[in-house]
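Thanks for coming. I will take one model today and go through its local geometry. Please have the sequence and the coordinates up while I talk.

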Amino acid sequence: MSSSPSRVFAARLVGLPVFDPRGDQVGKVRDVVVALRSEVSQPRVLGLVAEVFGRRRIFVPMTRVTAIEGGQVHTTGLLNMRRFELRQAETLVIGQMLDRRVTIRPTGVSGTVYDIGLEQARNRDWVVSRVAIQEPGKGLRRRGQTHIVEWRDVEGLTRREDTQGATHLLAALRDLRPADAAAVIHDLPTERRTAVVAGLNDERLADVLEELPDEDQVEILQLLDTERAADVLTEMSPDDAADLIADLSPETAATLLAAMEPDEAEDVRRLMSYADQTAGAMMTPEPVILSPDATVADALAHVRNPDLTPSLAALVYICRQPLETPTGRLLGAAHIQRLLREPPSTLVAAALDESMDPLRPDATIDQVAAHLATYNLVAAPVVDEEGRLLGAVTVDDLLDHMLPDGWRDHAPRRAGGAS
């Protein structure tokens with residue numbers, strides 16, 4: 001790999017795009033796999049864990065990596081698309097080595113690992129050459145002194161710990177999108193996952209939970225005490241919280257619903273009252289709802305909310321009071337694309353889509369899919385018999401329910417990803 005730098009640090013590799021010889025991106029780096037044989041044998045870098053399209057994780061041997069440069073990883077393209085499984089003699093740098101407690105032999109200084117330096121040896125093999133260590137903070141200093149030392153000067157690098165912290169792993173996850181952070185957490189050993197969950201704030205954990213497989217959601221929720229579990233469920237979107245609570249035992253579900261914020265719990269109970277695989281069960285009860293006197297400027301201000309998904313932000317709904325679901329009578333919906341062409345002072349009610357029919361909560365998943373496809377919609381209102389808005393079904397809600405169970409683990413890989 002003559003065009004690669006002589007040394008790279010593992011944390012900086014995470015998230016880098018992986019390209020094949022044709023220049024097509026086939027995935028992203030998620031971790032580095034090393035062989036930790038003993039304290040006196042230099043750890044060898046075996047390869048990279050890459051997430052290919054479809055969120056499948058595969059192993060990319062370092063012998064297949066031709067260059068690491070310009071924020072990109074280039075490969076021969078001859079990649080085995082079999083799902084990655086960690087072997088007993090292998091260790092994940094990001095998932096397992098960060099936050100490991102070690103000692104610098106020459107000085108006796110102790111600290112935790114926050115990064116690992118990788119270097120290509122003369123025989124073309126990649127090895128662990130440096131260890132970045134941070135001492136504990138002292139006194140008023142929140143962050144301790146840092147050191148970058150030779151691997152041979154570090155004691156404890158191969159030691160596995162039941163009480164290993166997660167400070168530096170959390171830092172590595174901080175800038176990842178929830179779906180990407182969920183993919184990392186899914187592959188962590190139980191003790192590391194527990195430490196990460198404890199370190200995430202409620203809002204971030206809720207975002208990550210929504211992207212995890214059902215069994216992971218249940219397992220993680222069971223790690224939490226009742227108060228925190230209820231707080232996390234409150235931060236989740238009501239439809240995702242309802243799906244998760246439905247997977248719990250009736251006793252646990254009742255306890256958590258009682259501990260949640262009353263308004264949020266009421267939304268979840270209402271969603272759980274609808275039959276599975278219907279518009280009512282999959283809708284979100286929190287679309288953008290405005291009064292008849294709202295202007296285009298008001299609508300655009302509401303859809304700028306970064307917490308809205310693109311599909312929820314694509315439509316606004318004009319309703320009579322009250323403006324919380326179930327609302328007063330739904331007057332209609334307006335497409336943001338249409339509103340962008342109107343003067344800011346124009347009433348939204350003057351730009352409603354007169355051709356859009358609402359769905360009923362008992363509409364089947366096939367009926368919902370046909371409705372969205374027929375009218376080229378990314379979202380549609382759901383109303384009761386009196387025409388009151390109950391919520392909105394979005395295309396991402398639909399896909400979550402139409403894809404088979406475990407789709408996050410078994411999604412098909414991108415065609416042409418391997419030779």
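Pro 326 sits in the loop between β15 and β16. The peptide bond that joins Thr 325 and Pro 326 is cis, with omega about -10 degrees. That loop between β15 and β16 also holds Pro 322, and the peptide bond from Gln 321 to Pro 322 is cis too, with omega near -5 degrees.

Before going on, the ground rules. This is a predicted model, in which local features need pLDDT of at least 70 and side-chain atom pairs count only at pLDDT 80 or more, while totals for chains, interfaces and linings use all residues. Residues are numbered from 1 along each chain as its sequence is written, and side-chain values use heavy atoms, with hydrogens and water left out. When I say helix or strand, I mean a DSSP run, numbered from the N terminus: H or I with at least four residues for helices, E with at least two for strands.

Strand β15, residues 315-319, pairs with β16 in the antiparallel sense over five bridges; two strands pair if DSSP finds at least two bridges between them. Tyr 317 has Ala 333 in β16 as its bridge partner. What is the strand order in the open sheet? The order is β14-β15-β16, three strands with mixed pairing. The edges are β14 (289-290) and β16 (330-335), each of which pairs on one side only.

Thr 325 and Pro 326 come up again from the side of Arg 270. Arg 270 is in contact with Met 283, Pro 285, Thr 325, Pro 326 and Leu 390, leaving aside its neighbours within four places in sequence; contact means heavy atoms within 4.5 Å. Arg 270 belongs to helix α11, residues 262-272. Is Arg 270 buried or exposed? Arg 270 is buried, at a relative accessible area of 13%. Buried here means under 20% relative accessible area, exposed means over 50%, and partly exposed is in between, with a 1.4 Å probe and protein chains only.

Now the domains. The chain is divided into domain 1 (7-90), domain 2 (100-155), domain 3 (169-272) and domain 4 (283-402); the bounds come from an automatic or database domain assignment. The centres of domain 1 and domain 4, taken over C-alpha atoms, are separated by 43 Å.

Next, strand β9, residues 101-104. With strand β10, residues 110-120, β9 pairs in the antiparallel sense over three bridges, and Thr 103 is bridged to Ser 110 in β10. With strand β13, residues 154-155, β9 pairs in the antiparallel sense over two bridges, and Ile 104 has Val 154 in β13 as its bridge partner.

β9 and β10 form a hairpin with five residues between them, and Gly 108 in the turn has a positive phi of about 80 degrees. Pro 106 is in the loop between β9 and β10 and counts as exposed, at 60% relative accessibility. Pro 106 and Val 154 are 48 residues apart in sequence and 8.8 Å apart in space, C-alpha to C-alpha.

Asp 99, with phi about 75 degrees, is in the loop between α2 (93-97) and β9. Asn 376, with phi about 55 degrees, is in the loop between α15 (365-374) and β17 (379-383). As for accessibility, Asp 99 is buried, with a relative accessible area of 3%, whereas Asn 376 is exposed at 69%.

Last, a helix pair. Two packed helices are described by the angle between their axes and the distance between the axes. The axes of helix α4 (residues 178-186) and helix α6 (residues 202-209) come within 8 Å and cross at roughly 80 degrees. That makes α4 roughly perpendicular to α6. Axes are lines fitted to C-alpha atoms, for helices over the stretch in contact, and angles run from 0 to 180 degrees between N-to-C directions. Angles under 35 degrees count as roughly parallel, over 145 as roughly antiparallel, 65 to 115 as roughly perpendicular and the rest as oblique.

Which residues meet? From α4, Pro 178, Ala 181, Ala 182 and Ile 185 meet Arg 204, Asp 207 and Val 208 of α6. By class, this contact of α4 with α6 has five nonpolar, no polar and two charged residues. Nonpolar covers Ala, Val, Leu, Ile, Met, Phe, Trp, Tyr, Cys and Pro, charged covers Asp, Glu, Lys and Arg, and polar the others, Gly among them.
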